[in-house]
Amino acid sequence: MVQLKDILEFLPVVIIAFAATFILLMEVFIKKSENQIFGFSILAVTAAIVSSFFNLHKDLILFNQFIKISNAAITFNVIILIGILITVIASKSYLEKENINFGEYYSLLLFSVMGMMLMIFANDILIIFIGLELMSVCFYVLAGFLRLRQKSNESALKYFLLGAFMTGFILYGITLIYGIAGTTNLILIYSNPKILTNYVFIVGAGLFFIGFMFKIGVFPFHMWIPDVYDGAPTVVSGMFSTAGKIAAVGTILPIILALKIGNFKLVFSIAAVATMLYGNIIALAQSNIKRLLAYSSIASAGYIFVGVAAMNEFALQGIAYYLIAYTFMQLGAFIIVSIIEKKDDGSREYKNIDIEYYKGLGKRNPVLSIFMTMFLFSLAGIPPFAGFWGKYYIFYAAIQSNLIWLSVTGILLSLIGVYYYLKIIVYMWFSESADGLSEEKIPVTGFGVAATSLAVLGTIVFGVDPNLFFRLFKFITV
């Protein structure tokens, strides 16, 4: 039976669920409620972040063993909520610019967050599946939120078809796991070491993980990312590449560590190398900045899987740190792209997303250029920004796990990324603007500045003092 105590311990998810539902009622009963919904969304996400810290250092099993509260789960959820907060702040001016400022956007965003939080807090495979589907359905709609744009509709349809296909993998995997274990409860599965060597269980777990590798964007399950990120609203693309990825990583990583499937280190290592190689190499050839950031996101999935292959406690902490750094720098870069891009006159397609447009941007808008430079330096892993420490902790975890070759390979492949990030920086500061663009003004709203400023602040603060993250969350345990 559900007790009030369980609900209070689960307060962050309850706040998000209530807010997502209440926003729908506001949209129905209050005319021109967009501003109220925007403010209410910020308050709800902030309240969820604050309430999450009350559960730090607790190890609880709630709701008849369906939910588990742990430091690892809280850490990943706070990172997701920070990313969503920045996304909400950046969304208002973007939605107004695109004439899609509808209240249901914020409700869909919060319902997707509810799914992410359920996935990470889940102590049962069925709860993970429910959370995953809630997140995915909202993502499919958000990807096509630019309803009058053909490319946005195509991205939503492609995401839906491939996502539904991958759902079949996950369901079949759950079926095999349940058939062997006789339960979907994760604690009971962990406590039965005999089933971990059963080949049917291994196949089931493999199918289950494949579905999550699709959400993370690991090679060869990455094919949807460039098209979806390119077609979706740009602020939504930033959210997909951060919060969605973090939810999938935060779900499977504790499971991998708890199962102690050390025999599969080589499989994860090969996946990491292939993902880093593919993402970085293909990004070199991109002229569309959204697609470049999409392939960069694929490469980042490879760096994360270096930590997954390490399979030690330090890897969990290193990945968590990398994800908060990645949230600030990747989301910040997408927000700046969303500020700069605009429609061509007389068409619904976009200009200003070509890298060539960024030539001379430093003279046209120095503030945006400085912010973008910081994000790109951080993505490239250049100190003193947070991205440097994120890669350092992940590669160090691989060395601790005697995967020196993987760490060296990751470092060498990350050098490829430095080239295409620096290429954009050189264009902004050392190239002349194309004809007719030198006098063009880029309108920037207060909310756009606020969102990018928060992202810059996180990139710098966690870069200058990386131990701040570990002091905030102290010991991250499974």
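The structure holds 4 cavities of 30 Å³ or more. This is a predicted model, in which local features need pLDDT of at least 70 and side-chain atom pairs count only at pLDDT 80 or more, while totals for chains, interfaces and linings use all residues. Residues are numbered from 1 along each chain as its sequence is written, and side-chain values use heavy atoms, with hydrogens and water left out.

### Exercise 1: the largest cavity

Find the residues that line the largest cavity, and say which element gives the most to the lining.

Step 1. Start with the term: on a 1 Å grid over the protein atoms alone, a cavity is a set of points where a 1.4 Å probe fits but cannot get out, and lining residues have an atom within 4 Å of a point. Grid points are joined across faces, edges and corners, and a volume is the space filled by probe spheres set on the points.

Step 2. The largest cavity comes to a volume of about 80 Å³.

Step 3. Its lining is made by Ile125, Ile177, Leu186, Ile189, Phe201, Ala205, Phe208, Phe209, Ile255 and Leu259. Two or more of the lining residues come from each of α8 (186-190), α9 (199-216) and α11. Helices here are DSSP runs (H or I, at least four residues), numbered from the N terminus.

Step 4. The top contributor is α9, with 4 residues.

### Exercise 2: the largest pocket

Which residues are the closest to the centre of the largest pocket?

Step 1. A pocket is an open set of grid points with protein on both sides within 12 Å along at least five of seven lines. The largest pocket has a volume of about 270 Å³.

Step 2. Its lining counts 14 residues, and Ala205, Gly206, Phe209, Phe264 and Phe268 are the closest to the centre.

Step 3. Now sort the lining by element: α9 and α12 (265-283) each give two or more residues. With 7 residues, α9 gives the most.

Step 4. Compare the two lists: Ala205 and Phe209 also line the largest cavity.

### Exercise 3: a nonpolar patch

Which residues make the nonpolar surface patch, and which helix supplies the largest share?

Step 1. Patches use residues with over 30% relative accessible area and no salt bridge; nonpolar side chains (Val, Leu, Ile, Met, Phe, Trp, Tyr) are joined within 5 Å. Areas come from the Shrake-Rupley method with a 1.4 Å probe.

Step 2. Tyr392, Tyr396, Ile399, Ile404, Val408, Leu412 and Leu415 together make a patch of about 650 Å².

Step 3. At least two residues come from each of α17 (386-400) and α18 (404-430), and α18 has the largest share, with 4 residues.

Step 4. Take Leu415 in α18: this residue counts as exposed because its relative accessible area is 51%.

### Exercise 4: a buried serine

What does Ser378 contact beyond its neighbours within four places in sequence?

Step 1. Ser378 sits in helix α16 (residues 366-380) and is buried, at 0% relative accessibility.

Step 2. Contact means heavy atoms within 4.5 Å. With those neighbours left aside, the partners of Ser378 are Met329, Phe385, Ala386, Gly387, Phe388 and Thr459.

Step 3. Finally, look across the chain: Ile460 is 82 residues from Ser378 in sequence, with 9.0 Å between their C-alpha atoms.

Technical notes
Patches are made of residues with over 30% relative accessible area and no salt bridge: like charges are joined within 9 Å, nonpolar side chains (Val, Leu, Ile, Met, Phe, Trp, Tyr) within 5 Å. A salt bridge is a side-chain nitrogen of Lys or Arg within 4 Å of a carboxyl oxygen of Asp or Glu. Buried means under 20% relative accessible area, exposed over 50%, partly exposed in between (1.4 Å probe, protein chains only).
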